[in-house]
Structures are given as C-alpha cells and as structure tokens.
Amino acid sequence: MSSDQLRQAVQLAFDPSADPALKAQATEFCEQLRASQRGWELCAQTLALVAAESPAQPLVQPVSLELRFFCLQVIEDVLRGRHDSLAPAERMLLRQTVWGLLPVFVLDPACPSFIRNKLFVDIVLLFKHQYPAEWPTFFDQLFETLAAASGQRDMVLAFLRICLTIDEEVVSQYFSRGQDEATRNNAIKDWMREGPIGQLVKTWLTLLRSSFQTDGDVATLCLKLFGAYVSWVDINLIIQPDFVEPLLGFLAVDQLQIAACECLAEIVGKGMKVGDKLQLLRLLQLPHIITTLDDSDEDFEEPVAKLINIIGLELCSCWQDATSAYEREQALAGLAALFPMMLKYLVKECDDTVSALLPSIHAHLQIMRRLKQTAESQLQLRENLAQLLQALIQKMKYLDGHSFKLGAEAGEEEALFAELRKSLKSLMESIASIDAELFVSCISSTVLANLDLLIQGAAAGKPLQSVLKWPDVEVTLFMLHIFIEAKIFKTSPVYVLDGGVLSPLGQMLSKMFESDVASYPHASIPILFFEIVVRYSQFLEQCQHYLPQALQAFVDARGLHHSQKPIRVRLNYLFLRFVKSLRPLVGAFVDQILESIQDLLAVDQRKLALSALARAGTGIAQPDAALTAGTGTTSRPERATEFDSQLYLFEAVGHLISSEAVPVAKRHALLQALLSPVIFMMESRLQQPAGPGGADEETILLLADAILAIGSISKGFPDFPTDSSAASSQTVAHPAPSGRMAVDGLAAQIFQEALRRILLVLQSFSDDSRIREASRSALQCMVGCVGPVILDHLPTFLSAGMLSSSTATELVDFLPFVGLMIHKFKSSIVDILGELWCPLRDKIFLFLNQPAAGTDDFVQQLSLRRAYLTLLAALFNSDLAAVLTSPANFPHINNTLLSILLCLDENSDAAVHKLVFSLFSKMVFCWAGDGTLPGAAFATANGSSSGHAGAANGVGSAPAMARKGSGTSSAAATASKAREPVMRRCPLSGFNQFVFESIVPAMFELPLRASFNPSDGQAMMLLGEIANLHKTAFEVLGMEYAEFLSKAYLPSRGCPEPVAQLFASNLVALDRKDFKKYLQVRSASCPDNPLAATFLSQADRRCF
C-alpha cells in the first residue's frame, strides 16, 4: 500500500458522486488498511507530512480533510485495541506524530472542529496508555503549549477540551469499562492527585476569571471542568472563596447560569461525610439563592430543578446516615428551607422540569413517613403534605392550550404526559400511606368543589365550558378515577356508611351524576366519565336511582353514539363491562337499551332490523332495507378496528337479553329478532350467483363479520348445564355453576339454527381463511351456551374445511379449541376425537415437517409445537388417553411418540422441552408398569406444551405396543395418592422399553448440550420437570428403574459405578421436592451428579 493509493481510496470512498463499483472497491481498501497490522504506519507518515508542512515548504499533494480524519481514526483504532502490542519505538513514533499535530490543527483557522476533536481523543488515548511511565511530561508539555500560545483563544479552548476528554476517557461513569481498564484509570487519578491536579485547578480558575465577562465559551468549559473533576479531587482545592463567590454570582449571568447550576449540582453531589456535607450546604446557602433567581427562562428551569433535586437527595441521605441528633436537625432544617422551592418548581409547565424533581420528593416522603410518629412535628408535617398534594393535583392538569388527541392521533406528547401522571400518582399514593385522612379530605374537597361549580353553573343556565375549563374538569374526573388505587383501600370501596350516609367516595360519585359532567363538550371527558362509572359500578347497586341516568349517558351521544370514533371504540368495551357487572339490574331496561342502540348493531354499515326488539314477541323481524343495500365506503383496516370493538357491543346485547330479569318468552323473541336479520342476510348472500373469480370481497368480509357477531352474542349467554340431560331441547332453565341462570333449551335451539347457517357459509367458502377463522371463533363462543349438542355439529364443520383447508396459523388457533372441547365435554367427545385424531395428527405433522424459511416460520413452528403438546396433555388430564390407543389410532402410536421426542431438538426452547417431559410424566404413569391401580388417583402436571416435528423426520425407533391386562404395582400405588385430576392407568405392552431406550437417554443428554445453562431460570424449571419424570418412572416401575440406571444405562455412558449408585440411591430415598432440588442445585457444580459433564466421555455426548 502506498500513500497515493491511500489518498485515492479515501477520496473515492468519501465522494458521494463516485462510481458505485469504484466506491465499493475504495471502501474495501480502506477497511483492509484499518484491519491490517501495519496500516497505521502509512497513516502516521501521512499525518507527519501535515505536521512538517509550512508556508515556505507546502506539500506537493495537500492532505485532504477526509484523509486527515481517516488517518486519525485508524490511529484511534490502534490505540484502543492494540496499543500495548506495539514496540516502544512505535509507541514513541505515534506519540510524537500525534502531539506534533496539536499546534498545526489548533492554530489553523481552516481546520474544522471534527478534525480537532478527533485529534484530542487520540492525544488523550496516548496519555491514558503512556502516562506516567512512558510520557511523564504530558502535563508539562500541555502547560507549555498553552503558555506558548500567549492566550490565543483556539489554543485555550483546545487545552480545556483535552482536559474534558481526559474526564470522558478516564473518569466518566457513563461508559462501562473492563476490570483492567478501571484499575489503570484509578492509578492515573492517583498520580494526577499527587501531581498536576493542583496546577490544573489554578489554571482553570485563572482562565475563568479572565473570560467570564468576555468569552462565554471559555468560561462555560471551565465550569464544566470544575463540575467534572470535583467528584474525585480534594474538595478543598475547589471550594475556595475566590471560586465559590463568583460561581454563585454566575447563577444570575444569562450566558453562564446553566453551566454554573450544573457545576453546583456536581459539587453538592460529591460523596462526603454527613458533617462535611451539611457544612458545605450551609456555606453555599443554595435554597436562599434559588429563591432570588429569575426563572422566567424555560431553558434554565430544568437545571435549577436538577440542582434542587440533588440538594434534596443529599439532605435526605444526611438525615438517614446522621450519627447525632444535631446532624438530623440540620438536615431537616435544610429540607424545610428547600421545600418551598420544591413546590414552586413542581408546578412548572415544563414536564422535564417536574420530572427532574421527583426523586427528591419521593425521598422526602420516605422521611415524612418515618416522622409521622413524632408528635411535635405532626402539624407542620400535615401542612407540608397538604401543600404537596395540592401541587401534585395542579401538575396533573393538562395545560389550557393543549390540543387533546385520542386514539391514533395521540402522539409522543400524550404518552410522555401519561408517564408523568403515573409518577405523580405514585407520590400521591405515598402521601395517602402517610396520612390517609388528609388524602381523602384533600381529594374529595377538590373534586366536590369543582363538581359543585358545574352544578351551580348549570342551575344558572351557563354553558358548562364557561364555568370550568376542560383541564379542570378532566383532572377532577381523573382524581376520582384513581382515588381507589391508593394502598389505604385494601378492601372493596365503601359507598354508604352505617346509617345510610354516603362515604366521601359516595359523595363524589353522587355529585358526578348530579353535575351531568358527561355532557361537558370536550373529548377528554366521556371516556373518563364512563371509566369511573364502570370502575365504581357497585355504587349503582346501592344507589339505584342513578342507574337510568348512567344508562342514558351510555346509549346517547355522550357515549355509544359519540361523534368521535376513538370514544365509540372504547365505549363499546366499557359498556360490556358495565352490563356484565350489573347484569341483574340492567335487564329491566332491556327494551329501552335495545331501542336506543339498534342502529349500532350493524355489520359493515348494514343495520340489523331491530325495530321489532321493543315489541319483542311479534315474530321474527324482517331484514332492514339497509341489509340489502349497496356496499359501504369505509376502508377495511379502519372498519376492522371499529368492528373488532363492535363485537363487545354484540356480546353486551347477549348479556342483556339473557339477563335473569328478562322473561323466558321475551328472551326467545329478542334473540330471534336479533339473529334473524343476520341469518336472512347470510342466506341471501349465499343465494347470489358468484362471479367468474368467486365471491366478491365485500361478500366475504360481510359474511365473516356476521359470523363473528353471532359468536359474540352467544358469549353473552350463560353456560348450558353440563349434565347429560342438558342436551335436550327443553325450555326449562337449569341453574348454572357460576350462579347465573343457565341458558334454556329453546335459546340453545336458536343458536343451533345459527350454527347451521354458519355451516352453510363455511361449506360454500371453505377456501377463504377469513371464513374459516370466523367459523372457528363462533363455534368456540357457542360451546358454552349450546352445550353438548355442539358435538353433533363438530364433525360436519371439520369436514366442511375447517381443518382440511386450514393454514399453519389457523391450526395453532384450532388446537386450543379442540383442547377446550376436551376439557368441557371429556368422555362425551371420545367418539368424535377418535375420528378427528388421524386427520388432525396428519395436518400437524404436515406443517411441522415443513422447513422453516425464516424467523417467522421458526416462531410459527414453535407455537405449533406448544399447541400440539398442550393438546396431548389435555387428553391425559381429562382421562382421554384412550383416544391415542383406539383401534383407529393405535397403529400410529409409534409416530406420535417419536413426534414428541423430536420436540426436544435444538429448534425448541426450554419451555417446549419442559412440556415434553411433563407429558412424558403423564404417559409413564398411564402406560408404563405391569398393571393398573383400581380407583387410584394420580396428580398431573399441568403444562402448556409445544409442538413438534412429525414422525417422518424421526430418529431412533419406538417399539410396537399392545394394550396389556390390568394388574397392580405397589410402587405406582404409592405414587398415586392425592393427585388430581384422576388419570387411569392402562399399561401398554412395550412402553417400558420405550421408557428405557428413548425417554431415559433424553433426560440425561439434553442437560449436557452446550446451549444448556443450569443457572438460567428456564433451565432450572426444566431440571425440575426432569426430576419429576424420574420420580414418576421410579414410582411406577419400582426398583427395576433404579437398577436400570445404576447398573445399565449410566455405566454404559462412562459414569463411575459409585456415582451411578449415588444417583440411584438419591432417586429412591428422596421425595420429589428434595430430588428436584438435588438435580437443580448440583447439576452444574457437583462432580458426582450424573447430569454433570464428568459422567459422559466426549465421544458419548450426543444431542438430538
């Protein structure tokens, strides 16, 4: 490499107009030079030419700025990465070259700042490596260079910036450093304390005196240096009258006040003894000085707030660490003097200013909590707390000119203010824990006062917005909303006291309804109002005369009919919660509610004909004309968000119709009136001829949304009785386990009719994933209200394409649905599962055998493994393991077992591995051993599982198995005590062999993988599951299992006999808890633990 090549390469690499191919070659050349061992020499030679240049002897080829920067960067890389590997002569060459550039670059007015700054970094890195052993004269040369410049401004600035760079590279705590580097840096600081630091401080002070009136940049850098170095130099070098007095005066100088404030904060924050710190604070008298500052400049507010914060934190620390009563009194006196400044800056408009104060206020409250038992301080303490609470409330308000935004329009400003409110709320909760009575009194008086103003204004005929500004109304409701979140309320809220008197919370809620605050014309009010109504819905149970008012607000333009979409979207969910919480009460208003919201019960802008709902009983309503009208114009993404929220409204209607307060006959009429238009629309759409390309997009979306709406309505109905007789079509209502009235047989029949229409849609459009997903969702929603009859529909739905046409993503969602059916109906679903299992297993294996093409595929396969294993566990938990051994499925049992083993490969995570071993525990109990345990119950490990690859990719082989006769195992009998739910044993011939040949090696080999970290929490849980599996196998198989480990398996893997015997004896003697601890604690550290790497030879360390 030559200097000409370097010059040309850098020029091309930095030239934006260069040919891309040439530019790429040039960039590659530069990177090769940076990585080469000797490339820095060429850069040093190039920079030496610059240092030797003079007006009398200019360079033939000038060195460009880009080339200078590149050379300095290469040298920086060398100094940071391999300085110590250079020879002494090479290190000297670097030092002489770089130092020689200082006057050249600094005194050249054309040299840009980025070149100078890079040079300063290189100089300091040389200093860091070579001072004092190889470069003891560094500071002497630095002072000489400054003196030789005779006050030249650029050299003064260079001197100061080099000093600042020393702090960044050697002292600053903002950068993480290795142990060796930290040790070297501490040594440098020690040498500097003994040598040049005194002269440095004097030089900075001299420069500060000479520049504070004429050169703000120099003076600012000097103040930064004092602040940067004060943390580790002798405080007496800095705290001198000739520095402190001017420093405090600089707080009133516009150009220097921020730097002076930051410097004082560093001085106050310096680590010192309590007595010395209190003496320093008395000397500075900062609380008094801060009161005299002009705080009209917003840029100055935050530094002052940070200074107040650090003073407060230091005073709190002094109080906590004080060794005498005098020191504690002095600390409290300082806090008392500082407290008014805390309050003043706490209510500043700038949120950053307020945030800067919060740590000290929190620390101050901790002291107040400890002082509340001191009788003589109670009065002042309560006064301070009251002032602080009022300041917090004031700061929680939005600014008058704030442009409030909701939903997607809300931006970073709203998010930041929400975070600030959380912090302020935390402080309010701390005040409540100190003085609960004060907290309740202050909040309630503020809320009641503002609500009274609204009541009085409304009585006088004034518009609400002219009585109170919206930020005042909003913060009033916000205080009421968070009132119950204070830790003092450890039980349910109390609304009415003994004697029928309203509690403070009850009074606030009563005033809220009387003020009609929900009508306030601002977007911030409705959501807060209804959040309060839902949060304190129990108040309406005790004060039911407000219930009609709350319902009317929900259904009119203040709520569900609000003009702003974000409010409507949120209100749909809140209305559902409200109806669910007050279901017995709101049922009496079902006619009025449905009449008011019938226009909202629409699918894709097509209104469902609910005009007959109020009459309820005149027969099935005919579809509204809007149902067959043209398509709407709302875009799908926007409409999808609104419709997803609208599903909450459909569910709320289901709760209303099925309320206990609604007579059975009327309930049937309302349900038919609600569903009939949807069913009619679905049938009419199905009868429309499809175009050449199939059904149009609008039809697909409309049908999918209609199906989802039906499913949501069914969610509002209570569960069907789980007894076998409940499947009949009787109209008598059965009591539901939850305490709600169970759905009656006729209502279940109505939903069955809807199911048949959904099936027709699925059969017609089974190739569309949206229809399949909507059908699965609706079917899952109806499981509860239809009851076991839904099992009659399940095979038809599956044959209609719900399974055969499903994608991998749909399958992940479908498997939990099957698990729900298993949990819900248990033995009733055995026959259907027997038919379903083969195609379901084949579908799972199909997707799991597909190679993952990227991260998304990998995550999807991992999710499918979990869903698959969870489903298998559900079979065992519900005592349906016989599905896997039925005549139709038993020939495939080997593939099923291999598929589970393959879930232990490297593509699964620890959670999946844990699920595998949990499932094996269930299998070992049910299928291993020699006989059954009559009437025994055995606890199952509830785990969610993960799935895994199909048997086509299998490793090893599973033995052929046949079902075996019953018998009795004493070891298994011991293990079966007190475990629920019940799992029946049905040993399989050959499964013991599978345990010994496949499960046992998996338990020992997985923890020996390089990726297995025993100290990781997930790995510890996995070891616990492996221990549980070992104990289950021993309890079922008895000493045969322990002897197999100690005499056959472990010795075959190179484990010494004493170690194997120790493991087996622990397995036999320890209970589950202790054996689990044995594996977890000793797996990585104990050499006699077979899970440790010592028991396997390197050749035998195998992984799946």
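Lys-826, the residue that follows helix α38, has a positive phi, near 45°. Helices (H or I, at least four residues) and strands (E, at least two) are DSSP runs, numbered from the N terminus. This is a predicted model, in which local features need pLDDT of at least 70 and side-chain atom pairs count only at pLDDT 80 or more, while totals for chains, interfaces and linings use all residues. Residues are numbered from 1 along each chain as its sequence is written, and side-chain values use heavy atoms, with hydrogens and water left out.

Helix α38 covers residues 808–825; its 18 residues should span 26 Å at 1.5 Å a residue, and its end C-alpha atoms are 26 Å apart, which agrees. The expected span is 1.5 Å times one less than the number of residues. Among the buried residues of α38 are Leu-811, Phe-814, Phe-817 and Phe-825; buried means under 20% relative accessible area, exposed over 50%, partly exposed in between (1.4 Å probe, protein chains only). The buried residues of α38 pack against α36 (769–786), α37 (790–802), α39 (830–848) and α40 (855–877), where contact means heavy atoms within 4.5 Å.

The protein has 48 helices and 4 strands, and buried residues make up 54% of its 1104 residues.

The structure holds 0 disulfides, a disulfide being a pair of cysteine sulfur atoms within 2.5 Å.
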